[in-house]
Amino acid sequence: MNKFKVKVIKTDGEVIDTVVEGTDGPEFNGDNGMYKHLDCSTIEITGARYEDKNYDLYIDEEGRLTDQPLNQTATEYFCDWLDNEGRTTYISNIVGTAALVERDPISE
């Protein structure tokens, strides 16, 4: 099983570094799965840019349908990625907890 570096980004700006096992990306289920880290049941994977590097950004796919607060940090990373890719979106805000995920597994 591979291991992936994950930065869980809380809405208050707190960042929690963790490692999540998985085959071609972090597992979604289980005690250390992405559903638990994001506190949701449906995940959307998009892009983010942080410190001049692209990441996968895992977000609550139904987050905008809830009363979760804006995640300013994740929104900035998402918008930086869009700008770098020459893309735009109608709604660029990320709400709720999000996670930056390294695309390549780590070796320990």
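Buried, in these legends, means under 20% relative accessible area, with exposed over 50% and partly exposed in between. One more thing before the views: this is a predicted model.

**View 1. Cys 40, a cysteine without a partner.** At 14% relative accessibility, Cys 40 falls under the cut-off and so counts as buried. Cys 40 is in no disulfide, and the nearest cysteine sulfur, that of Cys 79, sits 20 Å away.

**View 2. Cys 79, at the other end of that gap.** Is Cys 79 buried or exposed, or something in between? Its relative accessibility is 24%, so Cys 79 counts as partly exposed. For a disulfide, the two sulfur atoms would have to be within 2.5 Å. By that rule, the count of disulfides comes to zero.

**View 3. Ala 99, tucked into strand β5.** Strand β5 covers residues 98-101, and Ala 99 is part of it. With 0% relative accessibility, Ala 99 counts as buried. What does it touch, once neighbours within four places in sequence are set aside? The contacts of Ala 99 are Val 6, Lys 7, Val 8, Ile 9, Met 34, Leu 38, Asp 56, Leu 57 and Tyr 58.

View 4. Along the sequence, 61 residues separate Ala 99 from Leu 38, yet their C-alpha atoms are 7.5 Å apart in space. Leu 38 is also one of the residues in contact with Ala 99. Zooming out to the protein chain, take the contacts with a separation of 6 or more: residues 24 or more positions apart account for 52% of them.

**View 5. Stepping back to the whole chain.** How many helices and strands does the protein chain have? It has two helices and five strands, and from the N terminus on they run β-β-α-β-β-α-β. The radius of gyration is 13 Å, close to the 13 Å that the globule rule gives for 108 residues, so the chain is as compact as a globular protein of that length. Along the principal axes, the C-alpha atoms fill a box of roughly 40 × 30 × 20 Å. Of the 108 residues, 39% count as buried.

**View 6. The surface and its charges.** The protein chain has an accessible surface of about 6400 Å², and 41% of that belongs to carbon and sulfur atoms. There are 10 positive and 23 negative charges, and their mean positions are 4 Å apart.

Technical notes. Residues numbered from 1 in each chain as written. Predicted model: local features only at pLDDT ≥ 70, side-chain atom pairs only at ≥ 80, totals over all residues. Heavy atoms only, no water. Helix = DSSP H or I, 4+ residues; strand = E, 2+ residues; numbered from the N terminus. Rg over C-alpha atoms; globule rule 2.2 N^0.38 Å. Buried < 20%, exposed > 50% of the residue type's maximum accessible area, 1.4 Å probe, protein only. Contact = heavy atoms within 4.5 Å. Areas by Shrake-Rupley, 256 points an atom, 1.4 Å probe, with all protein chains shown as cover. Lys, Arg positive; Asp, Glu negative; His and termini not counted. Charge placed at Lys NZ, Arg CZ, Asp CG, Glu CD.
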